[in-house]
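The sequence and structure come first, and the text follows.

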Amino acid sequence: MSRRRLDSRSGLPAGLLSDIQTPISTEPLESVYEITGELGRGKFAVVKRCVEKSSGKVFAAKFLRKRRRGRDCRSEVIHEMAVLEMSHNNNRVVNLHAAHETDHDIVLILEYAAGGEIFDHCVSDELLPEAQITRLIRQTLEGVHNLHQSNLVHLDLKPQNILLTGLSPLGDIKIVDFGLARRLGAVGELREILGTPEYVAPEVLNYEPITTATDLWSVGVIAYMLVTGESPFVGDDKQETYLNVSQVNVDYSRENFSMVSELAVDFIRKLLVKAPEDRPSAAECMSHPWLWQLCLSPDLTAPTRPVRERSCGIKWAAPPEDPEDKENFLESPHSHAKRFRFDEESSTRGEGDC
Ligand code: ADP
Ligand code: MG
């Protein structure tokens with residue numbers, strides 16, 4: 001997707017933040033870090049694992065091109081740094097440790113998320129049990145809520161940009177990739193075309209105002225992918241994907257959802273709605289009973305789902321973990337369960353419930 005609103009004078013995307021505290025060092029990267037291998041890459045960045053020589057600490061070095069398609073993009077890199085700095089106290093956002101400048105790149109030295117992308121768990125033959133999925137979604141919502149409290153919208157939330165601090169045992173989430181993030185209110189209405197077609201909300205495709213609700217659509221897509229292993233809107237080509245998104249053409253058939261609880265479906269249905277104003281906020285989502293059903297279970301060691309065959313692999317049931325780090329919850333699970341309105345029939349226990 002490439003259509004962006006440009007600043008008429010500079011030709012740059014409008015509303016970029018420019019205030020940063022982190023100095024951009026020109027000291028040669030190799031003298032400070034040992035670069036050990038590639039962790040991932042996107043359109044304009046490559047991310048490599050690196051070890052700080054003085055401390056032995058591992059970081060992720062994100063190499064961002066200063067020039068892209070013949071255009072100076074330094075201000076966009078500075079913007080990404082500024083957003084990361086604004087999110088410094090947000091425990092669900094990856095931390096910015098330092099920045100370096102080389103001939104072609106600005107290199108952001110980021111907190112290392114050793115567990116990889118949650119995308120791997122969407123395409124794996126073995127999908128995560130719902131108890132783990134709800135924990136990851138709660139943490140994602142917490143991070144998104146904190147961003148929204150600062151008037152920041154991420155606009156590129158997708159399973160590739162939600163990382164894990166560890167793999168075994170499954171760690172906590174860290175949100176990365178703030179290249180498309182924007183500060184709401186900085187330049188009046190935001191109507192840029194951004195993001196990745198599969199994960200982007202209908203208002204983005206329709207060039208309608210972007211709000212915090214735009215991120216909540218993406219959370220719905222992520223939840224769908226984690227529970228089913230399928231991408232809800234992807235079509236055979238871009239055109240078909242756009243059409244699926246703008247018509248909210250979602251498959252809730254039993255074939256995809258046979259091992260998924262009714263509450264999970266209810267949660268996803270509440271987020272994948274066309275009108276942004278009809279989507280719950282991140283804080284409201286946190287009160288959805290799906291997110292709490294398994295951690296309120298009296299028997300936390302019982303398996304929650306039987307193993308079964310599915311079209312794209314096997315779903316397995318691992319024992320749910322401890323009811324996690326409660327201090328990070330927005331409020332207590334009990335108060336949430338009372339506040340969220342959900343369909344009566346959805347409150348009945350699904351196959352996967354405890
Ligand atoms: P882009 O803007 O090009 O999409 P990202 O910031 O999303 O770049 O990084 C690309 C990929 O690199 C991610 O999807 C992830 O796999 C990996 N990655 C990014 N940041 C980290 C990190 N802090 N720790 C570990 N891996 C990372
Ligand atoms: Mg990315």
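Buried means a relative accessible area under 20%, exposed means over 50%, and partly exposed lies in between, with a 1.4 Å probe and protein chains only. The model is a predicted one, in which local features need pLDDT of at least 70 and side-chain atom pairs count only at pLDDT 80 or more, while totals for chains, interfaces and linings use all residues. Side-chain values use heavy atoms, with hydrogens and water left out, residues are numbered from 1 along each chain as its sequence is written, and chains are lettered from A and ligands numbered from 1 in the order in which they are written.

**Helix α2**

Helices are DSSP runs of H or I with at least four residues, strands are runs of E with at least two, and both are numbered from the N terminus. Helix α2 covers residues 74-86, 13 residues in total, and spans 18 Å from its first C-alpha to its last. That is close to the 18 Å expected at 1.5 Å a residue, where the expected span is 1.5 Å times one less than the number of residues. Of the 13 residues in α2, 10 are buried. The buried residues of α2 are E76, V77, I78, H79, E80, M81, A82, V83, L84 and E85.

**Salt bridges**

A salt bridge is counted when a side-chain nitrogen of Lys or Arg lies within 4 Å of a carboxyl oxygen of Asp or Glu. The rule gives 15 salt bridges.

| Pair | Closest N to O |
|---|---|
| R71 and E76 | 3.0 Å |
| R279 and E203 | 2.8 Å |

In the pair formed by R71 and E76, R71 is partly exposed at 31% relative accessibility, whereas E76 is buried at 10%.

E142 is buried, with a relative accessible area of 4%, and R92 is buried at 1%.

The salt bridge of R279 with E203 ties together parts 76 residues apart in sequence, because R279 lies in the loop between α9 (262-271) and α10 (282-285) and E203 lies in helix α5 (residues 202-205). R279 is buried at 6% relative accessibility, and E203 is buried at 1%. Elsewhere, K62, E80 and D177 are joined into one network by salt bridges that share partners.
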